[in-house]
Each structure stands twice: as structure tokens, then as C-alpha cells.
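Let's take a walk through a protein chain together. Keep the sequence and the 3D view open, and we'll go piece by piece.

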Amino acid sequence: MYGSHFWRVVRAFFSCARRSCARWICNPALWLTLLLLLAWGLRLYHLDAMSLWWDESLSWDRAVNAIPNILANTIQIQNVATRDLHPPLYFLLLHFSVLVAGATEFALRFLSAFANLLTLAMLYPLTRLLSNNKLVALLTVFFAALAPFYVWYAQEARPYALVLLWSVLAVYALLRWLKTNPRTWRAVGSRWFGVFGLSVAATLATHYLSFVLLPFFAATLVIFGDNARLWRARLASPTTALAGLMLLGLAAILITLPRGQQDLASWDQVGATFVPLFIMLRDVWNSFAIGVTGKLDEVALLDLVLVALWLVGVFSTIRVKSRDARAALFLATYLFLPALALHLGSYLRPLYLNSRHLITASPAFYIGLAVGVDALARRLTLHSIQGRQFDVLRLNVKRQTSNVKREMSNVMRETSNVMYALIVLFVALPFLLGTIYSLSNLYFDATYAKDDHKAWSQFLRERLRADDYLLLVAPQAEKIVEYYAPDGLQWESLPHLGQTQDWQQFLDRESVVQAYRKHGRVWFLEIHQPVGDPKYAINNLMRKYGESVDIVYFPAIASRIILQQFVYRGVKQKRGVVIPQPTQIMFGDHLQVRGYDAPRQMEPGTRAAVKLYWRLSQRMPNAISVSLRVTDENGKVWGQWDAPPIGNLYPVSKWRAQTLYLDQHDVVVDPGAPPGKYKIEMNVYYAAGHEPLTARLADGSESAKSIPLADLVVTRPPTPRDPRTLVIDQHANVPFGSAVNFVGFDQESRASPGSAIPLSLYFQVVQNPGHDLTGKVELAAPGWQFWNRAQSSTPFTLELANRQAGDIVQVNVGAPVPGDAAAGLYDLRLTLDGLGPQTTLSWDKALTFGSATVDALTRSTDLPSIAHPLNARLGDQIEFLGYELNAPDPLRPGAQVKLKLYWRALKTMDTSYKVFTHLINSQNQIFGQQDKEPLDGARPTTSWAPGEIFSDTYEFEVAPNAQPGTYQIEIGMYHPADFTRLPTFDANGNPSGDRILFEELRIP
């Protein structure tokens, strides 16, 4: 009795829980919230990853301007007031957004992202009003949330996302007003008509090309307007009159287009040409369906499938019996009439540049797509459920009670909901595939990235000297340079605008000559799109008075970005030139340093030029690089700059023999270098392979190490340095107790298993604690990757002796990546012993300050076929499996010996061991050898994972003085720091010394 009662209670509880869960799951508000959260995440992700492009810099300039200038649409180019005739509403809103959030890339684009999110929220009531179907409304928001087209323009600081918001609000307000069946002019004074009027005004005040919506608004007024049977009554209705007014407005705009082409011009419309209607529609459709980050030929099939789905949606709205095709006409006119209006205007003046100019018509695509998917899913679900319901009814025909029927109805309803959801996902699969393809291109493929202005800015920032000067070709790009130019850089744009041709040529020549005379280096930045210096007049002036020594190209899709470095009158020195510090240093056999001129003192974090005077005794075919290092009394490096002498346009292979060349080579001092005495050291090495050239000094001594060149005194800045001015990869401001602030770091973003991630950590002293601080850097997978336990910890010491408040202290750390680390993203965490970071999560003693991507390694555990198998161990870490030998028989002096060795890792290693292969005689004298890291350093032993097997090849030449006799090959491994060899063990585990001997070879 009690048992049956208990189970009734349990069943009742689970039945109630199921109904409650069903109510939550079927709640449209819940799904709408989740979709909006998904959309918000997609729009904020990588929001500031790409540089601002040309047009976005104009948005920034107008936003930071005074309100009267924003309303006047003025932009200052070369201190001349020009006009950007985009309407002011977007820039006015952006102005107040900048006042609150600043002018970073993220802040500038945030307004567009937020406007697009509000647009998605508006699409739900708009679709419900049109279709009276919650599921269709949710599907519309779903497609719009994932639409790469919307994500792209939600991440752009331009008016397109905002004009889309106003247009959707206008359409919704118009439909709400038409729902009231307005038949008299009194209805014009209603609330919804007022919202419609304000929205249309806001649309036109955001982007002038939104006038293309006027014929669609007129068609909507006719489609949903007065349905009186008498045509006279329809013509007298306010909806018909308003439709006529809108068509008259469209006609007036089209008539004024030829006269007002300057009034409608904008910076992003430069270069617009007439586009045939079919090509325009194909481009627009592909953008709405797949986005702008996809190639048309690769997604043509997906486009056709989505066309079919949209047509299914449009025709499914036609009600044959009631002869109601208004919804179908609404969707068709919403999508095509704006395109036709833009095309009609293009006959008078080219207007179409790309699909963003028809973004206001895009909701029709996503609504029609949602209707089509819903119609197909309902039809397929109904067909499936009807067959199943017939089978169930046949089985229960004799015992159907009301409870059974009710339970069957609930089961069928739940089954139909699941079936509907699955079919929706299947039908929408083409759109989802296109979305994944396009969004992955947007987020991760540099081919589709905007012009990389951050790259040239960072390139300059890392090389900038105090007396550098920049000449920009393309005055219209002044704003992008103004936004990204490094602090302290002096620059101007050429050619001079608004001048007669003769006067412009004179002013341009004077600017170039004065730049050369007053500055040690002149950087020449070309940003062409499509104007600037089409005849290369400025370029010719630069080469007439100077010489280009370096050139770098930066990624760009909307323009061409080239940065060159020029020096005055070239690099070849005349006879009799006075060298400030003569010297005689010979590198190799032919390259000589005849003298130098170096700074005597510098501040931490600064850059200066060391003048090096070079001469070749005869031509050199191989490229070289020069390294200048700043070292302290203990040999610790506090700054290093490696570059080819003179520049990449002047490799030594182009130098003339017996000609003196001047190289203005950079020398840098790290921001954390303590005040004191240092030396500038010099090293020359081959660019390929980094093999150093032996230096021979004037006294006849030789050295393969760095050569001391000059003394340097590093002085403390007169005032504490602002950490935000440091030229580093990432800035931060995290206090650790009251002693120091963590202010930023430099790091490599990618690494391989077994390598070490070079890190430079920067701290600013707040209050010297009187002793050094210790800490560690940890590398580990993010916490949610609970299956990935690979991690490492690297201790360091923060030396604070002789440090004052305000000093920048630097720590260089190599964070090792475990050899068995899986590919993926890893966190970098910072800990200072006894001091916790004062962040919002102050309870956590470690600060996650960065991340690094670990690349995948191809590993194999398959044992290959080995010609000469052996079994030996090196320590407890490595197993030697055997070898293959390729050598002449009999062996001769000077012959080549090729050896292939097979290894198996037994455990992970913290040391990168070197392999030695020697040909020795009976007295253990070496007559041939090659020592190197495995696979020429590509796979150090620190990257080996337990059980991994691979082979490595070694080659050496038999010494010419090898005498007849019997020789053997010995191999093994040693620590490169102290040459300590790993102990070896035979197959039985018995110690065999520190080498493995095999293969007797004989020289007759």
C-alpha cells in the first residue's frame, strides 16, 4: 500500500518537473535571450583585432571633433577644411560614445556592435507582426545572429549597423501603424506614425543612400493600406497619398543626383563605377547569405540552395483561398525595390560600391529564409508524425481511455517538437556551413583582414629614433596616420593640396629637401587608394636627393601600404671622409670595419644610432647580419638589435670592393636596464645558418665572440617614466602589494613542444622593500581543459638593489613548454612570493597575464625496419634502437660517411642534449665527427614525448690524415653547457661508460 503510494508521488513529481521544464524550454523569451547573448559574443569577439581602415579613421576624426564641426561635416586635411558629406547623426552618437569609453578600436566599434544587437532584438517583433509565428520570429533572429554579413558591419566603425537599426524600426512602426487601418488623415497624428517619421528621418540622417527605401515604403503603404473596393476611395486614403509623396521624393532625389553628386560623395564612395543589375544582385545575395569574407565561386552552390529556401518561404506565405499574397509581396519588394532604386540612380551617377549600401534591405532575406525553413520543417514533421500516430492508434484501438489519449497527445506533441527542431537544423545546414566558413575567415584568415595599419605603426615604434621624420604620400590618409603614428614621430603629408601645379612642385621639393637636411633618417609611407601620387612625383624626389636603404610591404586589401627608409645623399662615402673613431676589425677574409661613432650615454628604453664604416676588399656573395648588444660588467645583455648592415636593399653582395659605406645601425637599451657602466658589443654572422664570422683585431688576435666596440653609460631618467610609453607588446597595471606594479610584458605568441617561450616582464618600483623579490612564471592549459595536465614552472629573481621608486625593472624568462604538451592554447601565470596581485580576483595569488599557442608536432611510435638493430640506453631517458650506415668499402681518407640513428624517448626531458658521432681509432683519437642537436635543432630532446620514435641523419668526412688501420664509430649525448655525457647501458642494463661503440671500418 505504502509502496504504491510512494511510486505515485514519484511519478507525479517527475511529471510536474517535465511539464515545468517543457514550459521553460518552450519559452520564446528564453531562446531570444540566448540568441542575443550568442550574437553579442560573436560581435565582441576579435572586435579590436583588426586595424581601423581608412573610412574608420574618418569616423574617429569626426567623433573627436567639436559638435559644430560634426554637424558641419568638416574634416581637416593639411589644415584645409574639407567636407565628408555623410550625414552627422552616427558621428554625433559616436562623439558621446568616445567621451565615455575612449577612442580605442574596441570603443569606436562598440557603437556598431550594440546597434546591431538592438537590430536583432527588433527583428523578433517585426517578424511576429508579419507572420504571427513565434518560431519563425526566433528563426529570423537565429539567422541574423549568425549572419557573417551582420557580424562584419557590427565590427566596423561606420554608419551601416546604425542605419540598419533605424530602417528596421521604421518598417516595424509602419506595419504597426497600418495595423490600425488608417483611413483618415487624423490617423497621421498617431504614435506609431510619429515613430515611423522619426525613424525615416534618422535613417536619412545616418546615410544618404537610405533613400532607396522610399519605393519600398510606398509599396508597403499600398500593399497593407486601405482595402476599400472602390478605387476612388483608395486614392483618397492617406496611405495612397503618402505612397505618392514618397515616390515623388524618390523622383526628386534622382533628378538632383547629377547636380548633387558632390553633395552625396563620401570617402568610401571614391572610385564607384556603374555595376550591371545582375552582378549587383549576385553580390548582394552572396553577402547576405555567406558574408563578405568568402569567395563567390567557392560558395555558389550554397547561394543557390539559400535562394531556393528563400523562394520557398516567400511562396509559402501566399494564401490561395483567401487570395492573400501581401506577405509575399512585402518580402519581395523589401528585398528588390531598394536594389532597383539604387540601380536606377546609378544610371545618373554610379552609386553602388558594395553590398553595404543595401544593408537596409537585408532583413527581408533573413525573414524569408526563416519562413522557408519553418515551412519545410513543418511539412516534413507533420508527414513523419502522422505515420507514427496511425501506428500507435492501431495498436491501442481496443483500450483507448481518455487518460491514454491525453498521454498519447502529450507524447506526440513532445515528439513533434524534437522532430521539428532536428529537421530545422538539417534544412538550415547550408546556411550554418556558410556561416562557419565565413566567420572562420573573418576571425582567423589574414587574407580577409582589413589593411594592417597596426603593423607599420608597430614596425616604426620598434625602430623610431628621436630625429626620425615621416613623409606620407596620400593626404587623404592623414587621419589613419594620425591615429596610428607612434608618439613623438614628426611627419607631414604630400603632395600639397589646393595649389597651382608649379607652386605645388616647389613646396613638395622643399619639404623633401628640408626633411633630409634636418633629420638623420626619413621614412616614406605610401598608402595608395586610389589617389595620392599616381605619377610617383614624390617618390622621384626622394630618390633624387637621397637613397632608399630599406623597404617593407604590409598586408592590405583596400590599399597598398609600403614603408621605405631613406638616407640623405646615399651611403657611399667620399674620399677623405673623417671617421670619428677609426679602428681596424676584419670579419672573415674580406669584410672590414674601418671605424665607428657611438653614443656615450643613453637612458633605459631608448634607441640611438651607431655609425659603422665598412669596406670590402672583394665582393661577398653571402648575406650577413650585424648584432649590436648592450652588456653589463657581468656580460648580461641589456639590449640587442640584429639587422643587415645598411638595409635590405643594400646587401653586401651589391657592395663594391674598396668602397667605404656608412651604416647607421640601431643600438637599444632595455627599459629595465639599471643605471651604470655598459659596453656596446658587436657580432657579425651569416644570415643563413647564423654562423659567426671570426673577427681579427688590429693587434692580430682573433675571436668568434662579440667584440667590445665602445663604452656606454646608462643614466636614470630625470623623472620616473610613464609605463604606458614603453615600447612593449602588452601593457598592464597590476599592483603586487605596495612594492611593485606589473606594467607589461613582451612575448612570442607561438611555440613548439620542447621549446621555451621568451618572456620579458616589466615592473615599476613603487616602494623598494629593501631586498630582492622572487617569483615564478607558470605555463599551463586553461582550467577548463581539465584533461590537459602539461605544465611548467620557471623561477626568477626581481633584483631591486640600487633601485628607486619609479624605476622600471625587467626580468627575462624562458618559459619552457613540456615536450609532451598537446597542441592548443596555454595560459601564462605570474606569481611573486609573498605578494598577491591586487585585482578583482585578489584571492588568487597568481596573475594570468597572457597566453601562447603551442603548435602540434607530428609524432610516431611505430618501430620502423632497421638495418642494424641494437639495444642500448642513455641514462633512463633515451633508448638507442639501431642504425644504418652508408660508407665506401674500403674506407678512404676524405670519404663521406653517412649515418642514420634511431631513437626512442623513455621519458620527458628538461635538457636539450647534443648528439655526438665520432670516427675513432684504437687510441680514441677522432678522425671524423658531427655534433648537433637532433634533426638540426628542429626536434631538441626537450620536445620528445615518452614512446616517441624517430630517426636522425649525421654526415662527416674522414680526416685526410687518417692512417691505415681499424676504426670504430662511437655515439652518445652530452649536455651542451658543460659537455657532461649521459651514461650508457647495454641491453642487459649493465653500465657501459658514456658512449656506444659499433661498426668496425677499415682503411687499407
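Start at G546, which lies in strand 6 (residues 546–554). A quick word on naming: helices (H or I, at least four residues) and strands (E, at least two) are DSSP runs, numbered from the N terminus. This is a predicted model, where local features need pLDDT of at least 70 and side-chain atom pairs count only at pLDDT 80 or more, while totals for chains, interfaces and linings use all residues. Residues are numbered from 1 along each chain as its sequence is written, and side-chain values use heavy atoms, with hydrogens and water left out.

Is G546 buried or exposed? With a relative accessible area of 12%, G546 is buried. Here buried means under 20% relative accessible area, exposed means over 50%, and partly exposed is in between (1.4 Å probe, protein chains only). Leaving aside neighbours within four places in sequence, G546 is in contact with Y516, F566, V567, Y568 and R569; contact means heavy atoms within 4.5 Å. Now look for D986, 440 residues from G546 along the chain: the two C-alpha atoms are separated by 69 Å.

Next, find Q565 in strand 7 (residues 560–568). Q565 counts as buried too, at 9% relative accessibility.

Time for a helix. In helix 20 (residues 453–463), the buried residues are H453, W456, S457, F459, L460 and R463. They cover an arc of only 160° around the axis (taken from the directions from the helix axis to the C-beta atoms), so they sit on the same side of helix 20. There's a handy rule here: an α-helix has 3.6 residues a turn, so residues three or four places apart point the same way.

Two strands pair if DSSP finds at least two bridges between them. Strand 15 (residues 676–686) and strand 18 (residues 707–714) do this in the antiparallel sense, over seven bridges, and the bridge partner of I680 in strand 18 is A710.

Another open sheet has four strands in the order 32-31-34-36, with antiparallel pairing. Which strands stand at its edges? They are strand 32 and strand 36 (996–1003), each with a single partner strand. Strand 31 (residues 914–920) and strand 32 (residues 926–932) pair over five bridges and form a hairpin with five residues between them. In the turn, N924 has a positive phi of about 65°. Further along the sheet, strand 34 (residues 965–974) and strand 36 pair over seven bridges, with I969 opposite F998.

Finally, the cores. A nonpolar core is a set of buried Ala, Val, Leu, Ile, Met, Phe, Trp, Tyr and Cys residues joined through side-chain atoms within 4.5 Å. The largest one has 145 residues, and F143 and F217 have the most contacts inside it. Helix 9 (residues 160–179) gives the most to this core, with 16 residues. A second, separate core of 40 residues includes I624, A673, L693 and V714.
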